[in-house]
Amino acid sequence: MMMLGLGSVGLVLLSLAVQSGHGAQDSAVWSREETTERNYYTRYHNMSEITAWMEQMKRENPDVVSSMVYGQTYERRNITLLKIGLSSTGRKKAIWMDCGIHAREWIAPAFCQYFVREILRTYKTDTKVNEMMKNLDFYITPVLNVDGYIYSWHNESTRLWRKSRSPGTGGCTCYGTDLNRNFYANWGMVGVSTDCCNLFYCGTKALSESEAWAVTDMLGKMREDILAFLTIHSYGQQLLVPYGHPNTSAPNHDELMEVGLGAAKAIKTVHGMDYTVGTSPDILYPFSGSSQDFARLIGIPLSFTFELRDKGEHGFELPEDQIQPTCEEAYAGAQHIITYTHDKAFYSYAATVRATLWTTLLAAWVSSTILL
Amino acid sequence: MGWTLFILLVVLTVVHGNPTMTVRTGSGPTVGFDQHPNSVPLGEDIQTTTEVVEEVMTTGVLNPSHYPARRAATVVQHYLNTRYGSPYRWIFFSTVHSGSSEVGVEVEDQHTLGSVSGQCSAELFFPEGEGQSAPQVQASCEGLHQSNTTAQEEAFYQQHRASNNLVSGNNIPDSYGHVEPSMKPFWQLGGVASSFIMLRESNESTLYNMAQVANFTQLETEKDQLRFNYHVLLHEMISQEIIHWKLLVTWSPEQGVQVLQTELQPKCHHCEAPPNTTN
C-alpha cells in the first residue's frame with residue numbers, strides 16, 4: 001500500500017506532537033532539529049525514542065515487522081527485538097543482529113536502526129533483499145544493554161559508561177558487569193577481571209547478567225535456524241571473527257576470514273574506510289566469554305563482531321555527521337555477510353535438491369529399463 | 001634489559017582546524033626531546049602510486065593488521081604530535097603498511113594518498129624490563145609538506161595572547177560528538193598536549209586515544225606563551241579504562257606545544273552510584 005507515504009506522515013505527526021509538548025519527556029533532544037525521516041537516521045536517539053521508533057516500524061510495516069520482548073535487564077526493563085521478514089507457513093532460517101551491548105558505543109544502536117530502515121525501504125524493489133526477506137527472518141535488537149545505554153544518556157559524566165548496571169557484590173561497591181565477558185564461552189579464562197570495578201568484570205559467574213541470559217536463551221532456542229550472528233560495537237574499524245580465546249580456532253576459520261575480508265572490501269568501496277579483519281587475539285586483544293564466541297560454539301557458523309568508526313579521533317563520541325556514512329559502509333559489510341550466508345544456505349540447498357531429484361529419476365529409469 | 005624494535009611504515013592523516021587547509025609541517029621544540037624540530041625531512045607531496053616493496057630479515061615480520069603494528073603506529077602518532085602538533089595540526093595514523101620486529105628491515109617506497117595524508121617510516125623502541133620507561137621513537141615523514149598553518153596559528157596566537165578575554169570550554173566533543181568550530185583549535189591543542197602523556201605512558205600493551213577534553217581554562221599569557229589548564233579524558237583500549245589527567249599546557253607558534261605539569265586524577269568509584277542515590 002502506501003507504506004512510504006504512511007511512514008512520512010507518521011513521522012510528521014510524531015514531530016508535531018513533540019513540538020506541542022505531547023511527546024515523551026526527553027524527546028526534546030531531537031525535536032530541536034530537523035524532523036524529516038532522512039534526518040532522523042543522522043541523529044543519536046535515547047532509549048524512549050528508540051522504543052517509540054520500534055513501535056512505529058511495527059505500525060508502518062505490519063506484514064513484515066513484529067517485536068518480541070525476550071528478557072529483562074537488571075533494572076527490570078524490557079529487552080526487545082524486531083523480527084523482520086516476509087511471513088511464511090514453514091519454519092524460517094534466521095539472521096541475528098544485536099547492537100549496544102556496551103553502553104557508550106552509541107553508533108551501534110544507530111546502525112541497527114539504519115539497518116532496519118534500509119531493509120524495510122528496499123525489500124519491495126530490490127530483488128535480492130526481497131528474496132532474503134522471503135527466505136530469512138532478521139532478529140534485530142537495537143539496544144541490548146538498555147540500562148547501560150540509558151545511564152550513558154544521563155549526563156556528560158556518565159556518557160562513557162560501558163557495562164551493565166548491576167551492583168557489585170561481596171563488598172565490592174562498583175557497578176556493572178561487562179556483558180561481553182559474561183557468556184558461557186570459556187567464561188572467566190582470559191581478558192577478564194574478577195574486580196567488580198574493572199571494565200572487564202566478567203560477573204560472579206557465567207550468565208550472572210540477565211541481559212546475557214536473555215540472548216543465550218534466544219540463541220539456544222533458535223540455534224538450528226540461525227545462519228549468522230552479528231554483534232555491533234565501536235570503535236576501531238575492525239571485523240572480529242571467533243574465538244577471542246587465543247590458541248583456539250573456529251572449525252571454519254578460513255571461511256570466516258574469507259567472508260570477513262570480503263565484507264571489509266565491500267565496506268571500503270563505500271567511503272574508502274579500512275576495516276581490519278581477524279581474530280581478537282590477533283588484531284585487538286584476547287578475551288573470553290563473548291557473545292560472538294558463544295554463538296560460534298553452539299554451532300552458528302558465521303559469527304562476527306563489528307567495531308565501527310572511528311580509529312580514535314572521536315572514539316565513542318562519533319559526530320552525528322558521521323552516522324550516515326558509517327551506517328552506509330557497515331550496511332555494505334553486513335549485506336556481504338548476509339548474502340553469502342543466504343546463498344550458501346539456499347542455493348546449495350537447491351543444488352542438493354536438484355541432484356537428489358536427478359539421482360532419483362535416473363534410478364527409476366534404470367530400474368524401469370531393467371524391468372523391461 | 002631487552003629492547004623491542006618496531007619499524008613501521010604508516011600513513012598518517014593530518015586533522016586540521018580549517019577544512020580548506022592542506023597538510024602542513026611542524027613547529028617548535030617540544031618538552032623531553034632534544035632533537036631539532038626540523039630534523040625530520042619533509043618533502044613535496046608525491047602523487048605516485050608505486051607499490052610498497054619490503055625486504056625483511058628472516059625473522060619477525062609484523063603483520064600490519066595485527067595488534068602490535070597498530071599499537072606501535074599509535075605510539076608513532078603520539079610522538080609526531082608532540083613534535084609537530086599545534087592547535088591547527090593534529091596527526092592521526094590511518095594505515096600501517098608494513099612493519100617488522102627485527103632490526104635491519106628495509107622498507108622501500110612511499111605512496112601518498114592525497115593532500116592531507118603523508119607517509120612516515122618510523123623506528124620505535126619499547127624498553128622492556130623493570131621500571132617505567134617511555135618508548136623511544138624516530139620517524140621521518142614525506143608528504144606532510146610545508147603549508148599555510150603559520151598564518152592561522154599566528155592569527156589564533158594574536159587573538160588570544162592578550163589576557164583581557166581568557167577562553168574556557170568543556171565537554172569537547174560533547175556527547176553527540178559535536179565540536180563547536182570556535183572550540184576546535186582548543187580541542188586539537190588538548191589532543192596534542194595529551195600526546196605527551198600518551199607517549200610517555202605507552203608500552204606494548206597499551207593503545208591510547210584522547211576521548212574528550214573535559215574542560216580547559218586559559219590562564220594569563222606568560223613569557224609570550226599562551227597558557228592553559230586542561231582536564232582530559234584518555235581512553236586506553238586494552239584495559240578500556242577512561243583515565244583522567246590534568247595538564248598545564250603552553251603554546252606559541254615559535255615554541256610549539258609544551259606540557260609543564262601533568263597530574264593523574266584518581267578514578268572516581270563513588271561516582272558510579274545510580275543517579276537517584278546519595279553518596
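Tutor: Chain B has a mean pLDDT of 73, with 64% of its residues at 70 or more. One is residues 16-59, for which the model has 132 contacts beyond four places in sequence. The other is residues 102-116, with 55 contacts of that kind. Where pLDDT is low, the predicted coordinates should not be read in detail. For the model, the scores are ipTM 0.85 and pTM 0.83.

Now to the disulfides. A disulfide is a covalent bond between the sulfur atoms of two cysteines. A search of the whole structure finds three of them over all chains. Numbering the bonded cysteines of chain A in sequence order gives the pairing 1-2, 3-5, 4-6.

Start with Cys99(A) and Cys112(A), whose sulfur atoms are 2.0 Å apart in a disulfide. Cys99(A) sits in strand β3 of chain A and Cys112(A) in helix α5 (residues 107-122), so this bond ties together parts that are 13 residues apart in sequence. The angle about the S-S bond is 85 degrees, and the link is right-handed. Both Cys99(A) and Cys112(A) are buried.

The next disulfide joins Cys172(A) to Cys196(A), again with 2.0 Å from S to S. Both ends, Cys172(A) and Cys196(A), lie in the loop between α7 (146-152) and α8 (210-222) of chain A, so the bond ties together parts that are 24 residues apart in sequence. This link of Cys172(A) and Cys196(A) is left-handed, with -95 degrees about the S-S bond. Cys196(A) has a relative accessibility of 3% and therefore counts as buried.

Cys174(A) is joined to Cys197(A) by a disulfide with an S to S distance of 2.0 Å. Here too, Cys174(A) and Cys197(A) are in the loop between α7 and α8 of chain A, 23 residues apart. The link of Cys174(A) and Cys197(A) is right-handed, at 80 degrees about the S-S bond. Cys174(A) and Cys197(A) are both buried.

Not every cysteine of chain A is bonded in this way. The sulfur of Cys202(A) has its closest cysteine sulfur in Cys196(A), 11 Å off, which is too far for a bond. Cys202(A) is buried, with a relative accessible area of 2%. Cys327(A) is in no disulfide either: the nearest cysteine sulfur, that of Cys99(A), is 9.0 Å away. Cys327(A) is also buried, at 1% relative accessible area.

Side chains of opposite charge can pair when their charged atoms come close.

Asp137(A) takes part in two of the bridges described here. One is with Lys83(A), where the closest N and O atoms are 3.8 Å apart. Lys83(A) lies in strand β2 (residues 78-84) and Asp137(A) in strand β4 (residues 136-141), so this pair ties together parts of chain A that are 54 residues apart in sequence. The other is with Lys92(A), at 2.8 Å from N to O. That pair also links distant parts of the chain, since Lys92(A) is in the loop between β2 and β3 (93-99) while Asp137(A) is in strand β4, 45 residues apart. The partners can be sorted by accessibility. Lys92(A) and Asp137(A) are both buried, and the value for Asp137(A) is a relative accessible area of 7%. Lys83(A), at 27% relative accessibility, counts as partly exposed.

Glu131(A) and Lys128(A) form another salt bridge, with the closest N and O atoms 3.2 Å apart. These residues both lie in helix α6 (residues 127-135) of chain A, three residues apart, about one turn of the helix. Glu131(A) is buried, with a relative accessible area of 19%, whereas Lys128(A) is partly exposed, with 24%. The cut-off for buried is under 20%, so Glu131(A) falls on the buried side with its 19%. Finally, salt bridges that share partners join Glu75(A), Arg77(A) and Asp147(A) into one network.

Notes: Residues numbered from 1 in each chain as written. Chains lettered and ligands numbered in written order. Heavy atoms only, no water. pLDDT = per-residue confidence, 0-100. Contact = heavy atoms within 4.5 Å. Salt bridge = Lys/Arg side-chain N within 4 Å of Asp/Glu carboxyl O. Helix = DSSP H or I, 4+ residues; strand = E, 2+ residues; numbered from the N terminus. Buried < 20%, exposed > 50% of the residue type's maximum accessible area, 1.4 Å probe, protein only. Disulfide = S-S within 2.5 Å.
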